[in-house]
Amino acid sequence: PEFGRFLAWFGSPLIKNAGTVAGNLVTGSPIGDTIPALTVLQAEVELTGTSGTRRIGLSNFYTGYRTTVMNPDEIMTAVRIPILRPGEILKLYKISRRKDLDISSFSAAIWMTLSGDRVADARIVYGGVGPMVLRMTKTEAALRGAPASLEQFQRAADAARNEVSPITDVRGSLDYRRTLAGNILAKFWHEAIAGGPNGNGNGNGAPPAPPPASRQPALTRSTEGVG
């Protein structure tokens with residue numbers, strides 16, 4: 001459900017009907033919208049070429065800025081996304097100057113499980129903070145096994161700010177992105193741990209809410225009689 005909600009704000013109806021998830025992944029941009037989400041979900045991609053078909057985890061797919069392990073004769077033919085299990089938490093975030101039709105300045109995907117009042121496991125992936133999407137292993141370590149308290153998430157936020165190495169460009173400064181890297185963890189805590197109105201992103205099998213009506217394409221004139 002969280003991925004479905006997130007895709008409601010991905011591109012325009014024209015882009016949605018022309019682009020593909022595989023295209024977004026193969027482009028390999030560090031601000032590609034689907035890459036953090038599918039990396040944190042441990043998705044696999046299927047590559048098919050003249051020598052056959054192989055699968056590879058998305059976390060091992062990228063080798064550098066816009067470069068992948070794909071051979072020149074291969075295309076991406078499938079993306080396999082594990083379904084969330086009960087108790088797993090997923091939240092996806094995209095920060096951009098506009099809500100609609102804009103490239104990310106920063107993005108985050110956070111997956112987590114709890115054991116009582118402690119963090120049992122965590123996977124955190126950021127986009128827009130380096131030449132590739134970044135698995136935040138030091139930040140994860142600051143949370144794993146620790147109390148699921150706001151204070152602990154604030155300490156993890158300090159680790160996150162030190163772990164990223166963003167640049168300054170037209171979409172945001174280094175300091176702005178570093179601030180987001182920390183603040184997004186506090187937002188996650190309020191939404192997913194403290195029980196905010198946006199829920200934990202799991203839905204327990206419920207379908208995602210449809211996108212707002214304003215995002216739905218509509219016929220503006222009759223096509224009757226058009227050959």
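Tyr93 is placed opposite Ala108 of β7. Strands here are DSSP E runs of at least two residues and helices are H or I runs of at least four, numbered from the N terminus; two strands pair if DSSP finds at least two bridges between them.

This is a predicted model, where local features need pLDDT of at least 70, side-chain atom pairs count only at pLDDT 80 or more, and totals for chains, interfaces and linings use all residues. Numbering starts from 1 along each chain as its sequence is written, and side-chain values use heavy atoms, with hydrogens and water left out.

## The four-stranded sheet

That pair belongs to an open antiparallel sheet ordered β6-β7-β8-β9. Its edges are β6 (88-95) and β9 (134-135), each pairing on one side only.

Helix α7 (residues 174-193) lies across β6, β7 and β8 (118-127), at about 140° to β6. Angles run from 0 to 180 degrees between N-to-C directions, with axes fitted to C-alpha atoms, for helices over the stretch in contact; contact means heavy atoms within 4.5 Å.

## The three-stranded sheet

Another open sheet has the order β2-β1-β5, again with antiparallel pairing. Strands β2 (52-57) and β5 (75-80) are its edges, and the twist averages 25° from one strand to the next. Five bridges link β1 (residues 44-49) to β5, with Thr48 partnering Ile75.

## The whole chain

Overall, the protein has seven helices and nine strands. Of its 227 residues, 42% count as buried, meaning under 20% relative accessible area with a 1.4 Å probe, protein chains only.

Key
Buried < 20%, exposed > 50% of the residue type's maximum accessible area, 1.4 Å probe, protein only.
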